[in-house]
Amino acid sequence: MNSHQNTDVRAFRSFRLNSLLFSLLAILPLGGCATLDKPALSVKETSSPELLAANQIDPAMRERILRAVGQDAQERALRDELKQHPDNVDAAIRLTNALVAQKRPHEALQVVDTVLVAAPGNLRALNAKGVILDLEGRHDAAQVLYRQALETEPGNQMVQHNLNLSLTL
């Protein structure tokens, strides 16, 4: 055998050894799933309401599970919509509301700022940013945005109401 054939044989043996080792490491943890007194996995299904109301689940963990399953999918869909249509104020407002509800105001501000770049001076986006700034305690900055929005639509009651609330805070 020449050195090239020796290299091929060593590589093949190394591959076989690695494959065998990987197989063993994958099978060993599964051995704990079946024991002599429980030869198979349980096929009994637990209904979703029972799972969600289980006393053994930590409330914080339950919230993370629900967020991972439901809200993250909605968040991804809204972010995808905004990537395709950066000026979609409806999607931005829905995403902003979801982020604020999850106590993620900094991310919500980024979303609104992105929309304001695509649709500068948009009344709803200015109002949403003002609300987030008010929630963060940045009332002066929020009031500037409310006044800017009122310049474009002076009779808007929603923005006027938010400005009045911000002034009282």
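What volume does the largest pocket have? Before I answer, please keep in mind that what we are looking at is a predicted model. The largest pocket has a volume of about 150 Å³, and the residues that line this pocket are Arg79, Leu82, Lys83, Pro86, Leu95, Gln110, Val111, Thr114 and Val115. If we sort that lining by class, we find five nonpolar residues, two polar ones and two charged ones. Two helices, H3, which covers 59-84, and H5, which covers 105-118, each supply at least two residues of the lining, and it is H5 that gives the largest share, with four residues.

Let me stay with H5, and turn to its packing against H6. As a general point, a pair of packed helices is described by the angle between their axes and by the distance between those axes. For H5 and H6 the angle is about 160° and the axes are 10 Å apart; angles over 145 degrees count as roughly antiparallel, so H5 and H6 are roughly antiparallel to each other. Their crossing is left-handed. On the H5 side the contact involves Pro105, Ala108, Leu109, Val112, Asp113, Val115 and Leu116, and these meet Ala125, Leu126, Ala128, Lys129, Ile132 and Leu133 of H6. By class, this contact of H5 with H6 holds eleven nonpolar residues and two charged ones, with no polar residues.

From H6 the contact draws on Leu123, Leu126, Asn127, Lys129, Gly130, Val131, Leu133 and Asp134, while H7 contributes His139, Ala141, Ala142, Leu145, Tyr146, Gln148, Ala149 and Thr152. Nine of these contact residues are nonpolar, five are polar and two are charged.

Finally, which residues of H7 meet H8? They are His139, Ala142, Gln143, Tyr146, Arg147, Ala149 and Leu150, and their partners in H8 are Val159, Gln160, Asn162, Leu163, Ser166 and Leu167. In this contact of H7 with H8 there are seven nonpolar residues, five polar ones and one charged one. H8 spans residues 157-168, and its axis lies 9 Å from that of H7, with a packing angle of about 155°, so H7 and H8 are again roughly antiparallel, and H7 passes H8 in a left-handed crossing. Looking across both of its contacts, His139 of H7 takes part in the packing against H6 and also in the packing against H8.

Definitions and conventions
Residues are numbered from 1 along each chain as its sequence is written. This is a predicted model: local features need pLDDT of at least 70, side-chain atom pairs count only at pLDDT 80 or more; totals for chains, interfaces and linings use all residues. Side-chain values use heavy atoms; hydrogens and water are left out. Contact means heavy atoms within 4.5 Å. Ala, Val, Leu, Ile, Met, Phe, Trp, Tyr, Cys and Pro count as nonpolar, Asp, Glu, Lys and Arg as charged, and the others, Gly among them, as polar. On a 1 Å grid over the protein atoms alone, a cavity is a set of points where a 1.4 Å probe fits but cannot get out, and a pocket is an open set with protein on both sides within 12 Å along at least five of seven lines; lining residues have an atom within 4 Å of a point. Grid points are joined across faces, edges and corners, and a volume is the space filled by probe spheres set on the points. Axes are lines fitted to C-alpha atoms, for helices over the stretch in contact, and angles run from 0 to 180 degrees between N-to-C directions. Angles under 35 degrees count as roughly parallel, over 145 as roughly antiparallel, 65 to 115 as roughly perpendicular and the rest as oblique. A crossing is left-handed if the near helix is turned anticlockwise from the far one by less than a right angle, and right-handed if clockwise.
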